[in-house]
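Here is a quick tour of the fold, from the inside out. Have a look at the model first, then read on.

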Amino acid sequence: LTPSSSPLRRAVFLCLIVERAKKCLDFAATAHLLHLCCCYQYSGIPSSWEWWAVNLMSLVLMALLSEFLCMRRELQDIPLFTSLSS
């Protein structure tokens, strides 16, 4: 996926993989670094400031949204007893 694609979709995917809010920024930065490496291999270092702005905004949105989703999951109640109602 390119960084200009939906950061929400990638944040949900990242939340499913990482499952810890503390690690979301690292994984998001790694994904964008790998994208930069692929772009470099394909056509050299991007020289457009728009490319850098879109990728930086995508990184920020992906990290914040995935941390939010992971925190919501971490704060859910853990069911200790199941109800046996028939």
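This is a predicted model: local features need pLDDT of at least 70, side-chain atom pairs count only at pLDDT 80 or more; totals for chains, interfaces and linings use all residues.

Buried means under 20% relative accessible area, exposed means over 50%, and partly exposed is in between (1.4 Å probe, protein chains only).

Residues are numbered from 1 along each chain as its sequence is written, and side-chain values use heavy atoms, with hydrogens and water left out.

How confident is the predictor? On pLDDT (its confidence in each residue, from 0 to 100), the chain averages 84, and 90% of the residues score at least 70. Helix 1 has the lowest mean, 83, and helix 2 the highest, at 90.

The layout is simple to read: 3 helices and 0 strands, in the order α-α-α along the sequence. Helices (H or I, at least four residues) and strands (E, at least two) are DSSP runs, numbered from the N terminus. Of the 86 residues in the chain, 24% are buried.

Contact means heavy atoms within 4.5 Å. Among contacts between residues at least 6 apart in sequence, 72% join residues at least 24 apart.

Which residues form the salt bridge? Glu 74 pairs with Arg 20, with the closest N and O atoms 3.7 Å apart. The pair links distant parts of the chain, Glu 74 in helix 3 and Arg 20 in the loop between helix 1 and helix 2, 54 residues apart. A salt bridge needs a side-chain nitrogen of Lys or Arg within 4 Å of a carboxyl oxygen of Asp or Glu, and the whole structure has 1.

Lys 23 also lies in the loop between helix 1 and helix 2. Its C-alpha atom is 9.6 Å from that of Ser 66, 43 residues away along the chain.

| Residue | Relative accessibility | Class |
|---|---|---|
| Arg 20 | 42% | partly exposed |
| Lys 23 | 43% | partly exposed |
| Glu 74 | 40% | partly exposed |

Notes: pLDDT is the predictor's confidence in each residue, from 0 to 100.
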